[in-house]
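Please view the sequence and the structure together while reading.

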Amino acid sequence: MKPAPFAYVRPASLEDAIAALDEHGEDSRILAGGQSLMATLNMRLSAPEILVDIGRVPDLAGIEETDAGLRIGAMTRHAEVEASDLVASRAPLIASAMPHIAHPAVRNCGTFGGSIALADPAAELPACAVALGARMTIAGKGGTRTVDADAFFRGLYETALEPGEVLTAVEVPGIGAGWKSGFMELARRHGDYAMIGLAAHVEVQDGRFGQGRLVFFGVGERPVCAVRSAALLDGESWSDALGDRIADALKEELDPSEDLNADAPMRRHLAGVLARRVLAPLAA
Amino acid sequence: MDSTVEIGLRVNGERATRRIEARMNLVDFLREELGLTGSHVGCEHGVCGACTVRVDGRIVRGCLMLAAQADGADVWTIEGLSDTGEIRDLQEAFVERNALQCGYCTPGMLLTLAELRERNPAASRQEIREFISGNYCRCTGYEAIVDAFEMARQRQGGPS
């Protein structure tokens, strides 16, 4: 056993979970799928006094259509999202991101909400949430509130979640007519964290781009929306020259971090590679 | 605060009940409490796949799940799958194709391949590779493992 000792509770309701978090405050951590938390516990990077396992809280898992779009419960396992026909038809961007998340055994356990709440800067789902304009449903002692994805991701592993609050669901708005999405990431080996990735959600009418969002991950402390580069798309059809202009603009706009896998100039270059590969087929 | 927890689960078809430390992960529980040492402990942070076991019909990382989370679950390990004969053909193909050398990754690799043939029996070599991408093997270079999966499938009358 490598983790430091901790106590463990498995509340049977959301109210009990919130009460447990409220009682133990900063000493408590939520255990969802555990696929990131358990590793940090094993390495003693994290040593909470009590884990609040929300794995059996009713109604936190599941995918359903709503008036506004799609509601994905926070405890829905990645494998279920990956296999969902509803997600494939209503949120194809998310469907295309799922196979890139770690490996099958991890996707069987890891949860949609866990990935969003952790806010790893190299993770796929936060970028998808920002690209699609998703809204986070958050429950706490004072009731529930919703936060837009843009405001939810604040920085490195930092979100709008306050101590004692639980992310309960992610609402993905319906896709507007003519909007298309594309997803791609570059990793040294399948399932590894991406060196860089792109979640794109853009309007395309008669082969011409309109509004759109290009959200990169693995390039900063949170998902990075390349607003100025995306603006170059407006009114244009795809051409190699447009690809070059966007690649150049991304080099100016992005300020990527460096690590052993890729330095900043390489990530700037790869941003343009991804933009070309993702955008060209969308306009076809 | 009490750092122990009482759990009851089914392992390889047999009921097991223990009071354990809450921090004990599933693979340590299987090895140390139940003596089932076929599931191996490698990296202990979810990267290598040596600890892969089946929980409620799906493979998981035994090092990334607390034993407490498996309370009430139906768990199968390499020992159980060997006894039932479910993966005998895969095991024989592994031996014939030299799909193992030191054998450390083999139990996890077999559990993973057993799930692959449930979910995608006609998987291409590329898809097999992707499915086992979370299971490290430092001996074989993976080619022989992919070969063994295909050989077992061919013998069952599936695509080569």
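This is a predicted model: local features need pLDDT of at least 70, side-chain atom pairs count only at pLDDT 80 or more; totals for chains, interfaces and linings use all residues.

Residues are numbered from 1 along each chain as its sequence is written, chains are lettered from A and ligands numbered from 1 in the order in which they are written, and side-chain values use heavy atoms, with hydrogens and water left out.

**Nonpolar core**

- A nonpolar core is a set of buried Ala, Val, Leu, Ile, Met, Phe, Trp, Tyr and Cys residues joined through side-chain atoms within 4.5 Å; buried means under 20% relative accessible area (1.4 Å probe, protein chains only).
- The largest such core has 41 residues, and A:Ile72, A:Val87 and A:Ile94 are among those with the most contacts inside it.
- At least three residues of this core come from each of domain 2 (65–172) and domain 3 (181–283) of chain A, the bounds being taken from an automatic or database domain assignment.
- A:Ile94 is in contact (heavy atoms within 4.5 Å) with residues including A:Ile72, A:Val81 and A:Val172, leaving aside neighbours within four places in sequence.

**Domains 1 and 2 of chain A**

- Domain 1 spans residues 7–53 of chain A, and 10 of its residues are in contact with 16 residues of domain 2.
- The C-alpha centres of these two domains lie 19 Å apart.
- Across this interface the rule finds 1 salt bridge, meaning a side-chain nitrogen of Lys or Arg within 4 Å of a carboxyl oxygen of Asp or Glu.
- A:Asp22 forms a salt bridge with A:Lys141, with the closest N and O atoms 3.6 Å apart.

Terms used:
Buried means under 20% relative accessible area, exposed over 50%, partly exposed in between (1.4 Å probe, protein chains only).
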